[in-house]
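User: I am new to reading protein models. Please walk me through one.

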Amino acid sequence: MSVSMNWNCPGLYCGVKNGENGSEQCGACPRGERTSIMKICQKCMDTPELYDWLYLGFMAMLPLVLHWFFIEWYTGKKSSSALFQHITALFECSAAAVVTLLVNDPVGELAIRSCRVQMLSDWYTMLYNPSPNYVDTLHCTQEAVFPLYTIVLIYYAFCLVFMMMLRPLLVKKIACGLGKTDRFKSIYAALYFFPILTVLQAVGGGLLYYAFPYIILVLSLVTLAVYMSASEIQSFKNLVAKKKRLVVLFSHWLLHAYGIISITRLDNLKQDLPLLALVPGPALFYLLTASGQDPHGPSQSRTLPTGRCPQDAAHRTLSAGFHRRFKRRACLCQNTRLHVNILHAFAD
């Protein structure tokens with residue numbers, strides 16, 4: 001609904017634009033434009049800030065990380081084709097990112113123009129449609145954060161297209177060691193998580209924009225601790241025993257650094273760059289404290305002088321009562337036999 005007005009537009013995101021007959025109308029600004037302070041629709045000509053690029057990088061990493069996780073989950077321990085699938089997933093997401101940049105304005109260039117994000121409500125303009133006369137609603141829903149909202153959805157669409165074009169053929173050719181159903185499970189998983197990511201971006205894009213640095217830090221710390229615990233890495237020797245463990249460690253370190261840079265935004269290089277020295281901290285702390293916290297560590301695996309390993313603490317606690325009762329009964333039996341022997345001696 002467009003309402004002709006000779007005064008400033010109501011609402012937070014309504015702007016004055018030229019109508020079909022040349023008259024000025026108040027309504028939603030076209031895509032790629034945003035209302036100015038004077039309530040006039042103006043074309044967005046800003047370049048994305050570093051934080052905007054970091055947000056787009058985070059949203060671009062999500063499908064790639066999920067691809068790698070499910071490939072490793074279903075085929076990593078069963079087939080040598082996992083490496084080729086990892087590389088294919090990286091190629092799919094990279095090609096989708098390049099094509100997404102090329103089709104966005106300006107078309108044909110690896111660059112984008114954007115509107116600056118000013119507040120959280122910029123992501124949810126549909127909630128701020130005004131009602132000037134308290135009866136009719138002036139619909140001014142628009143992409144005030146152009147193109148940060150729609151470019152992610154376009155990227156996910158291209159990722160899905162490239163995956164369906166490349167991955168099935170690759171899996172069919174090189175994943176012969178797996179069963180007919182197992183070889184395509186990583187693709188089936190992608191058909192589930194892509195709609196979930198799309199809904200997540202559509203509903204929670206604004207919240208993710210402000211929270212993604214902390215999400216990266218928390219999730220990278222938790223996943224690193226879980227991986228090192230599940231792999232029974234308790235020393236530097238265990239860590240360097242396999243190349244795969246080093247790859248996982250360095251990948252988590254990159255995520256740690258990514259989260260720190262996203263939080264600080266590198267506004268002050270002299271103060272922010274030294275914070276990157278904290279990246280190896282969690283892994284070092286885990287390795288230094290893992291041996292002392294392991295219930296099955298060296299302190300618990302010592303053998304008795306007789307050469308037998310000690311029983312489990314719970315078993316010892318449970319059986320202690322039975323041993324005491326058995327000893328008491330044995331003592332009573334011995335005392336009874338002693339008394340009987342003495343009586344027989346006197347009788348003789």
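Analyst: Start with contacts: a contact means heavy atoms within 4.5 Å. Here, 66% of the contacts with a separation of 6 or more join residues 24 or more positions apart. The model is predicted, so local features need pLDDT of at least 70 and side-chain atom pairs pLDDT 80 or more, while totals for chains, interfaces and linings use all residues. Residues are numbered from 1 along each chain as its sequence is written, and side-chain values use heavy atoms, without hydrogens and water.

User: How many helices and strands are there in the chain?

Analyst: Helices (H or I, at least four residues) and strands (E, at least two) are DSSP runs, numbered from the N terminus. This chain has 9 helices and 4 strands. Its pattern is β-β-β-β-α-α-α-α-α-α-α-α-α.

User: What span does helix H6 reach?

Analyst: The expected span is 1.5 Å times one less than the number of residues. H6 (residues 243-264) has 22 residues and reaches 32 Å from first C-alpha to last, close to the 32 Å expected.

User: Which residues of H6 are buried?

Analyst: Buried means under 20% relative accessible area (1.4 Å probe, protein chains only). In H6, the buried residues include Val-248, Leu-249, His-252 and His-256.

User: How do H4 and H6 cross?

Analyst: Two packed helices are described by the angle and the distance between their axes. Axes are lines fitted to C-alpha atoms over the stretch in contact, with angles from 0 to 180 degrees between N-to-C directions. The axes of H4 (residues 185-230) and H6 come within 8 Å and cross at roughly 160°. That makes H4 roughly antiparallel (over 145 degrees) to H6. Among the residues making the contact are Leu-217 of H4 and His-252 of H6.

Definitions and conventions
Buried < 20%, exposed > 50% of the residue type's maximum accessible area, 1.4 Å probe, protein only. Parallel < 35°, antiparallel > 145°, perpendicular 65-115°, else oblique.
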